[in-house]
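Welcome, and please open the model in your viewer. We will go from one selection to the next.

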Amino acid sequence: MTQRTLIVIKPDAVRRGLIGKIITRFEEKGFKILDLKMLTFTRQQAEKFYEPHLGKPFFQDLVNFITSGPVVAAILEAPNAVSVVRLMIGSTRSFEASPGTIRGDFGLGITENVIHASDSEESFKRESAIVFS
Ligand code: CMP
């Protein structure tokens with residue numbers, strides 16, 4: 001089943017010059033890039049994007065971090081895109097992410113964890129509307 005998903009390369013990865021390496025992984029895997037842009041989240045956009053985490057103790061840190069610099073967002077298409085991308089990015093806690101995954105290879109943090117990807121088709125629709133509005 002061909003599916004679309006959203007990735008957001010976070011400000012830590014952009015600052016560290018990892019955009020090309022991360023995009024290359026998805027290209028080499030076989031994803032079609034349907035849309036791609038660099039943007040800096042406004043606070044309003046960030047609060048809407050992370051609304052499912054509203055009220056959690058790390059919410060403000062998350063909003064502060066994601067608005068701290070430019071991100072690169074892309075819409076990727078492939079069969080089973082949501083689950084394949086989640087496998088490729090690895091565990092949320094980068095220090096526990098398997099080597100070979102993007103977080104496992106490039107990160108150590110939880111808030112600063114290199115990349116975000118939609119966890120379902122519903123999240124993809126909601127999140128991409130915020131980022132590509
Ligand atoms: P992301 O995939 O962007 O989705 C929600 C984000 O919340 C997650 O990546 C982490 O950056 C962050 N997050 C999740 N759990 C925690 C936590 N326990 N402490 C701090 N940040 C967290």
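This is a predicted model: local features need pLDDT of at least 70, side-chain atom pairs count only at pLDDT 80 or more; totals for chains, interfaces and linings use all residues.

Residues are numbered from 1 along each chain as its sequence is written, and side-chain values use heavy atoms, with hydrogens and water left out.

The shell includes Lys10, Tyr50, His53, Phe58, Arg103 and Asn113. It divides into four nonpolar, five polar and two charged residues.

Next, show the polar contacts (pairs of N or O atoms within 3.5 Å). A ligand oxygen lies 2.9 Å from a side-chain N or O atom of His116. Polar backbone atoms take part too: one of Ile110 is 2.8 Å from a ligand oxygen, and one of Thr111 is 3.4 Å from a ligand oxygen. The protein covers 79% of the 450 Å² of accessible area that the ligand has on its own (Shrake-Rupley method, 1.4 Å probe).

Now select Arg25 and Asp105. They form a salt bridge, with the closest N and O atoms 2.8 Å apart (the cut-off is a Lys or Arg side-chain nitrogen within 4 Å of an Asp or Glu carboxyl oxygen). Arg25 is in helix α2 (residues 19–29) and Asp105 in helix α6 (residues 102–106), so the pair ties together parts 80 residues apart in sequence.

Note on methods. A residue is near a molecule or strand if one of its heavy atoms lies within 4 Å of it. A polar contact is a pair of N or O atoms within 3.5 Å; within protein, one must be able to donate a hydrogen and the other to accept it, and residues adjacent in sequence count only if both atoms are side-chain atoms. Ala, Val, Leu, Ile, Met, Phe, Trp, Tyr, Cys and Pro count as nonpolar, Asp, Glu, Lys and Arg as charged, and the others, Gly among them, as polar. Helices (H or I, at least four residues) and strands (E, at least two) are DSSP runs, numbered from the N terminus.
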